[in-house]
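Welcome, and please take a moment to look over the sequence and the model below. After that we will walk through the fold together.

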Amino acid sequence: MLPTFKEGNEVLTFNWFINLKVGDLVVAKLGGKDIVKRVHKISGRKIYILGDNKNNSTDSQDFGWVDKSAIMGRVIYYGTQKDLTSGR
């Protein structure tokens, strides 16, 4: 998710969401891995997610639409561990 996220960033997610919106950052569980992507399109129970680094991202352009059940949560904050503990 470069350039949005940097090496070592931590994310805080909200897991009780109802209405995802285009532009939201989400954590999805795909192929046994947790990935962070941005919601690009929503169609019923399916979501098309893209990475911010368009030239080097594995996303819905590669694996297609994702079922909403694969979405673990919406990112509400990201930063370093120091940022999270200092309240920045």
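## A first tour of the fold

Reading from the N terminus, the elements of the protein follow the order β-β-β-β-α-β-β-α. That comes to 2 helices and 6 strands, where helices (H or I, at least four residues) and strands (E, at least two) are DSSP runs numbered from the N terminus. The model is a predicted one, in which local features need pLDDT of at least 70 and side-chain atom pairs count only at pLDDT 80 or more, while totals for chains, interfaces and linings use all residues. Residues are numbered from 1 along each chain as its sequence is written, and side-chain values use heavy atoms, with hydrogens and water left out.

### The sheet

How are the strands arranged? The 6 strands form an open sheet in the order β1-β6-β2-β3-β4-β5, and the pairing is antiparallel. β1 (10-14) and β5 (66-67) stand at the edges with a single partner strand each, so one side of each has no neighbour in the sheet. Two strands are said to pair if DSSP finds at least two bridges between them.

| Strands | Bridges | Facing residues |
|---|---|---|
| β3 and β4 | 5 bridges | V39 and I49 |
| β1 and β6 | 5 bridges | V11 and Y78 |
| β2 and β6 | 3 bridges | V26 and R74 |

In a regular strand, side chains alternate between the two faces of the sheet.

### Inside the protein

Of the 88 residues in the protein, 33% are buried; buried means under 20% relative accessible area, exposed over 50%, and partly exposed in between (1.4 Å probe, protein chains only). The largest nonpolar core has 10 residues in all: L20, V26, A28, I35, V39, I47, I49, V66, A70 and I71. At least two residues of this core come from each of β2 (25-30), β3 (33-43) and β4 (46-50). Apart from it lies another core, of 5 residues, including F5, V27, V36 and V75. A nonpolar core is a set of buried Ala, Val, Leu, Ile, Met, Phe, Trp, Tyr and Cys residues joined through side-chain atoms within 4.5 Å.

Not counting residues up to four places away in sequence, V66 touches L30, R45, K46, I47, I49 and S60; contact means heavy atoms within 4.5 Å. A70 lies in the loop between β5 and β6. Is A70 buried or exposed? A70 is buried, because its relative accessible area is 14%. Leaving aside neighbours within four places in sequence, A70 is in contact with V27, A28, K29 and L30. A70 and A28 are 42 residues apart in sequence, yet 5.4 Å apart in space, C-alpha to C-alpha.

Across the protein, residues 24 or more positions apart account for 50% of the contacts with a separation of 6 or more.

### On the outside

The protein exposes about 5,900 Å², and carbon and sulfur atoms supply 51% of it. These areas come from the Shrake-Rupley method with a 1.4 Å probe; for residues, only the protein chains shown count as cover. E7 sits in the segment before β1. E7 is exposed, with a relative accessible area of 81%. From E7 to G79 there are 72 residues in sequence and 9.9 Å in space, C-alpha to C-alpha.
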